[in-house]
Every structure is written in structure tokens, then in C-alpha cells.
Amino acid sequence: MDLGIRGKTALVCASSKGLGRGCAEALAEAGVDLVMNARGAEALEAAAAEIRAAHGVRVTTVAADVTTDAGRAEVLAAAGAVDILVTNAGGPPPGMWSDWTRDDFIRALDANMLTPIALMTALLPGMIDRGWGRVVNITSQSVKAPIAQLGLSNAARTGLTGYVAGTSRQVAPFGVTINNLLPGIHDTDRATALDGGVVKAQGISMDAARTQRMATIPARRYGTSAEFGAACAFLCSAHAGFIVGQNILLDGGATNATL
């Protein structure tokens, strides 16, 4: 399917690997020029080179921590007038309610709620002026069904979800859509880190931890970055203009809910 976005420009955060990389790849395949951001310059440049070679699109890289004011300013200056924004940041560490301090919550809010909001605040006016824009926020299945050990993520990402619910309806009349993608467990570094926690807590092997987690997923496997990226690219496409303010699960059926 032609997504109808060839020649547009997208800013994709945390896109050197994992789900962000999957989104960047899928957008590039659709002919979208990219501004790729990540903290690690080496991995970022390697990913950008591979995408340029595979898809022939223009790729600008900005190695910066987008969760900081300085990093965000650098990314936005390089991005300029983008048509598509994909926000993404690693989730805060797991733990127990009794472990977390106010500073822990502030860090989680800065990374997973306030940073996406700041990026939208900066880029939505230009999209509105041009009469077209797409925003996709990578959040988590935990906004539909909380995960006990991920309380910091539950809180921050749910706050972002509430913000998007209202804001998406305000910008929709101008041809701009905002939606959220809610990943479950995908085969990324984040999954490896979470499974490593199970290995440590239960004294089992990594294979056993993965098998144990897969058994909780109706699809009986982890998701892939490629299929996640394809979903993101569709939400960014010319065909998705009537999808507004939605929270779309990509979790293999792991979230047990009727709606």
C-alpha cells in the first residue's frame, strides 16, 4: 500500500534501535525523510547509514538526550518544520511502591510525559499552519492495564494519555492527528532488561524467563520492531486522518480487556 507520505519529514525520537528504529525504518520505506535522535552517537550513526543505504531517503542525526531542555532544543533546531513526530523514551526502572521517591517520579514524568508534551507544543503550531500533521506517541500497554512493578511508568504514561485525549480533539480540525501506540513485550533491549530482572529474582535462566513471559501472551511470542514500525507508519499515513486520539495496543493479546 502506498501510504501517501513520500517526501514528508519525520522526527523519530530514540530511533537508533528497538521500537523507535522500527518506526524509522517503516517511515523510510514509505519515502519519508528522517530526523533521527538518540543519546548514543555511534549506534545512531550506524542506524542512519543503514537506513540511507536501504531506502535512499535523507536522514539527519542528532545525538542528544531529548528529555533535557538542552537536548530538546538541539533536536528541534535540527528538525525544523517536520510533518510527522514520533515520541519515544525508555521507560523508568521497575521496582516497588516503597522504593520510589519524589525525585524518581519527577524523572519519570520528565521522560515519559513532559518531554512528549514539550515536543508537541513546539511542533503542533507548524503542522496546524500547514494543514497536515501526524503525531504518534509510543507509550505502553500499562496505560490500559497497570503493571505492578512498573508504577513509575504507569503514572507518567497515563498522564500523557490524558493530555493526548484532549489535545488530539483540539488539533483534529486542522488536519493534524495525535494517537498513541501501546506496546506490550517486544524483542528489544527493554524486554531483555525486564527479563533480566526475572532471572535475578527467580534464579532461572534467560531462556526460562522468556518462555515464562511468552506463556502469558496469547500470541505466544514477543512482538517485533518491524511489525510495530508498520503500525506506526500507517498511523502516520494519508489514510489515517480519521483516527484521532486513540490508544492502540500492540501486545499479542496480553492485555485482558473487552474494550
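User: What should I know about the model before reading it?

Analyst: The model is predicted, so local features need pLDDT of at least 70 and side-chain atom pairs count only at pLDDT 80 or more, while totals for chains, interfaces and linings use all residues. Residues are numbered from 1 along each chain as its sequence is written, and side-chain values use heavy atoms, with hydrogens and water left out.

User: How are two packed helices described?

Analyst: Two packed helices are described by the angle between their axes and the distance between the axes. Helices here are DSSP runs of H or I with at least four residues, strands are runs of E with at least two, and both are numbered from the N terminus. An axis is a line fitted to C-alpha atoms, for helices over the stretch in contact, and angles run from 0 to 180 degrees between N-to-C directions. In this structure, helix 1 (residues 18–29) and helix 2 (residues 41–55) have axes that come within 10 Å and cross at roughly 25°. That makes helix 1 roughly parallel to helix 2. The cut-offs are under 35 degrees for roughly parallel, over 145 for roughly antiparallel, 65 to 115 for roughly perpendicular, and oblique for the rest.

User: What is the handedness of the crossing of helix 1 and helix 2, and which residues meet there?

Analyst: The crossing is right-handed. A crossing is right-handed if the near helix is turned clockwise from the far one by less than a right angle, and left-handed if anticlockwise. R21, A24, E25, A28 and E29 in helix 1 meet A47, E50, I51 and H55 in helix 2, where contact means heavy atoms within 4.5 Å. By class, this contact has four nonpolar, one polar and four charged residues. Ala, Val, Leu, Ile, Met, Phe, Trp, Tyr, Cys and Pro count as nonpolar, Asp, Glu, Lys and Arg as charged, and the others, Gly among them, as polar.

User: At what angle do helix 1 and helix 8 pack?

Analyst: Helix 1 and helix 8 pack at an angle of about 55°, with axes 7 Å apart. The two are therefore oblique to each other. Their crossing is right-handed. On the helix 1 side are G18, L19, G22, C23, A26 and L27, which meet S225, F228, G229, A230, C232 and A233 in helix 8. This contact has eight nonpolar, four polar and no charged residues.

User: Where does G18 lie, and what does it touch beyond its sequence neighbours?

Analyst: G18 lies in helix 1. Leaving aside neighbours within four places in sequence, G18 is in contact with T188 and S225. G18 and A226 are 208 residues apart in sequence, yet 9.3 Å apart in space, C-alpha to C-alpha.

User: How many salt bridges does the structure hold?

Analyst: A salt bridge is a side-chain nitrogen of Lys or Arg within 4 Å of a carboxyl oxygen of Asp or Glu. The structure holds ten. One of them joins R58 and D33, at 3.4 Å from N to O. R58 lies in the loop between helix 2 and strand 3 (59–63) and D33 in strand 2 (residues 33–38), so the pair ties together parts that are 25 residues apart in sequence. Another joins R213 and D195, with the closest N and O atoms 2.7 Å apart. R213 is in helix 7 and D195 in helix 6, 18 residues apart. R21, E25 and E50 are linked in a network of salt bridges.

User: Are R58 and D33 buried or exposed?

Analyst: Buried means under 20% relative accessible area, exposed over 50%, and partly exposed in between (1.4 Å probe, protein chains only). R58 is partly exposed at 46%, and D33 is buried at 15%. D195 is buried too, at 0%.

User: What is there to read in the phi of A14 and R220?

Analyst: Most residues other than glycine have a negative phi. A14 has a positive phi of about 50° although it is not a glycine. A14 is found in the loop between strand 1 (9–12) and helix 1, and is partly exposed at 25%. R220 also has a positive phi, near 60°. R220 is found in the loop between helix 7 and helix 8 (225–235), and counts as exposed at 53%.
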